[in-house]
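Thanks for asking me to look this one over.

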Amino acid sequence: MTAAKAEERFSGLGVSEGIRVGNAFVYKPFKPEAIQDNKSEDTQRELERLEQAKEHCQTELGLLVERASATLGEEKATILKGQISFLSDPAFYPPMQKLIQNEHWTAETAAKRTIEQVAGLFDAMASEYMRERAADIRDVGARLISHIVGYQGAQLADIREQVIIVADDLTPSDTVQLDKQFVLGFVTRIGGKTSHTAILASSLGIAAVVGAGSAIEGISHGDELVIDGSTGQCVQHPQADTKAHYAVCQAEEAAERERLLTVAELPAVTKDGFSVELAANIGTPQEAIGLLDKGAEAVGLYRTEFLFMGAQQMPSEDEQYAAYREVAETMQGHAVVIRTLDIGGDKELPYLDLPAEMNPFLGYRAIRLCLDRRELLLTQLRAIIRAGAYGTVKIMFPMISGMEEWRAAKALYEEARSQLVAEGASVPPAMEVGVMIEVPSAALIADRLAREVDFFSIGTNDLVQYTVAVDRMNEKVAYLYDYFHPAVIELIRTVIDAAARHGKWTGMCGSMAGDPLASPLLLGLGLGEWSMSAASLPRVKQTIRQLDRSACVELAQRLLELDTAAEVRAALEHFQNGSTNR
Ligand code: PEP
Ligand code: MG
């Protein structure tokens, strides 16, 4: 009999609630760039290694094509078929053999060099379609090299039973491809509370703990784990009494969920009759299904980049139109705020093949990238405007930092509209067009912006990172990352007041809107539309229904005078205890 392994406890940041018990799936992505250049005199052996790897790859891709046709659709299957044909392409395989024969490189070095060279040629082509093929070549190339070196690590696509994923990090593109039926939750070594991986996990309903640090290094494939996505507590090899404890917690969690659902159909109105609009953040059209029943009155933020990240190449105007129209129709006339592409920062699009940057969050991101690649934004705007004929669609530009960007983006919207009108397309009469307030410079000129925009939506996830100069992904400085920082509160007040002076509305779609502790402050400051993950809606609605708006206005005035985030938090906790005891 083997001895039971000792129970180990560790913790990280709980970013997507849910208690889950399951076996670990340790994910270590293969990194072909880490392959060192090496030579070998045994040319024959290297040629055989290359040939065997190619055959394995072809078999594996063949199986994936079958699976993809059945589950992921013909489009993904076609891409994989294309990858199989690359493997035998005269521009791909023979050059690798030549590098082995003539220059005596090992099979993996020959493959790495050829792939980079061929992908580089595609990168330089004028046609966007051909440039996008570079990502496919690198993808199939990485698969080939992993077979040459006999890489044993399990891939996310291999998951076929319910597991808890353990990884150094999961990128948003990894997360968007996770199959909800098999992934109970995940725990990662790095990551912050508002990383897009965390945001996605919560919108997909996958329990998640990030930033668990080196504790995850001791976890092996198949180890039993418990993770608590609310508290961030995790247990490896849980003993019977620990499992019994968590079973009780799971039952309580389910009961609380049921209880909160009863507020779903009640209005979001304070005790003294002040109404606010509660909306949900979504990343995919599927997430809009059932939102109205969960108590959302609108979609306050549709993060369209996940549509782009889930694809192997730039979605066409018609593909985008179909997705946006689906959301508009699902929401049956309720507002849908569609945010234009926000790529960059922690969100990559492999087929754009953007160079790595020193400071990606301060760099070529969101509206900056889109104004530089006008066609991309124009196509998206055309798709959104066309979808606007099927509901109440509003457009929002991310990461606006000044008037020029807003005006340039708005001009592109007008251009897209004029094109569609000239083409005789059915175009909705008027659409609201607004901006996200995520950059302090935009907040400080809110009064000017408010003259021209139709609305603001405050993105606190970025506003905090840019105001306090604290990377939202970096767990080492997570202690500084706090939306109760007096500077952030002051900016929020400035924005809401500026909009009100010009008769415009202000929403908030950053995580602060979904935190019940912040509710009295936001009510007191006069926030009109609150958009959050669907999971946060019931608790925030219940909180609002217990509050008195006039008391919150007074409270907000007092909080604006405080010196530190800790003082604001303490005052809000004190107020919360007072209001729930009343
Ligand atoms: C924000 O920055 O608050 C926001 C909602 O946008 P994202 O989290 O997608 O950057
Ligand atoms: Mg943002």
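**Notes on the predicted model**

1. Let me start with Ala 469, which counts as exposed, with a relative accessibility of 69%. Please keep in mind that this is a predicted model. Ala 469 sits in the loop that runs between H16 and helix H17 (486-501). Its phi is near 55°, a positive value in a residue other than glycine.

2. Is Ala 366 buried or exposed? At 1% relative accessibility, Ala 366 counts as buried, and its place is in helix H11 (residues 366-372). I would look at these two alanines one after the other: Ala 366 belongs to a helix, whereas Ala 469 belongs to a loop.

3. Next, the metal site. Which residues supply the protein donors of the magnesium ion (ligand 2)? They are Glu 438, through OE, and Asp 462, through OD, lying 2.0 Å from the ion. Glu 438 comes from the loop between strand E13 (433-437) and helix H14 (440-444), while Asp 462 comes from helix H16 (residues 460-467), so the pair ties together parts that are 24 residues apart in sequence. Both Glu 438 and Asp 462 are buried.

4. The barrel deserves a turn of the model on your screen. Eight strands close it, in the order E9-E10-E11-E12-E13-E14-E15-E16, and the pairing is parallel. From one strand to the next, the twist averages 25°. For a closer look at one pair, take strand E12 (residues 392-397) and E13: they run parallel and are joined by three bridges. Within that pair, Met 396 stands opposite Gly 434 of E13.

5. There is also an open sheet. Eight strands form it in the order E1-E8-E7-E3-E4-E5-E6-E2, with mixed pairing. Its edge strands are strand E1 (8-11) and strand E2 (13-16), each of which pairs on one side only. The twist in this sheet averages 30° from one strand to the next. Helix H7 packs on the sheet and touches E2, E5 and strand E6 (207-210), its direction making about 50° with that of E2. Helix H8 (residues 240-261) packs on the sheet as well, touching E1, E3, E7 and E8, with its direction at about 115° to that of E3.

6. With strand E7 (residues 224-228), strand E3 (residues 19-27) pairs in the antiparallel sense over five bridges. Asn 23 stands opposite Glu 224 in E7, and Gly 22 has Leu 225 as its bridge partner there. With strand E4 (residues 163-167), E3 pairs in the parallel sense, over five bridges. In E4, Ile 165 is the bridge partner of Phe 25.

7. Now follow E7 to its other neighbour. E7 and strand E8 (residues 233-236) pair in the antiparallel sense over three bridges, and Ile 227 stands opposite Cys 234 in E8. The hairpin of E7 and E8 has four residues between the strands, and in it Gly 232 takes a positive phi near 85°. How much of E7 is covered? Most of it is, as four of its five residues are buried.

8. For helix packing, I would pick H10 and H12. Helix H10 (residues 317-330) and helix H12 (residues 374-387) pack at an angle of about 35°, and their axes are 8 Å apart. Their crossing is right-handed. Residues of H10 in the contact include Tyr 321, Tyr 324 and Arg 325, and those of H12 include Arg 382, Ala 383 and Ile 384. By class, this contact has six nonpolar, three polar and five charged residues.

9. Ile 190 is partly exposed, with a relative accessible area of 28%. Leaving aside residues up to four places away in sequence, Ile 190 touches Asp 168, Asp 169, Val 210, Gly 211 and Glu 475. Phe 122, by contrast, is 68 residues from Ile 190 in sequence and 34 Å from it in space, C-alpha to C-alpha.

Note on methods:
Residues numbered from 1 in each chain as written. Chains lettered and ligands numbered in written order. Predicted model: local features only at pLDDT ≥ 70, side-chain atom pairs only at ≥ 80, totals over all residues. Heavy atoms only, no water. Donors = N, O, S within 2.8 Å, 3.2 Å for Na, K, Ca; no water. Buried < 20%, exposed > 50% of the residue type's maximum accessible area, 1.4 Å probe, protein only. Axes fitted to C-alpha atoms, helices over the stretch in contact; angles between N-to-C directions. Left-handed = near helix turned anticlockwise from the far one by under 90°. Contact = heavy atoms within 4.5 Å. Nonpolar A, V, L, I, M, F, W, Y, C, P; charged D, E, K, R; others polar. Pairing = 2+ DSSP bridges.
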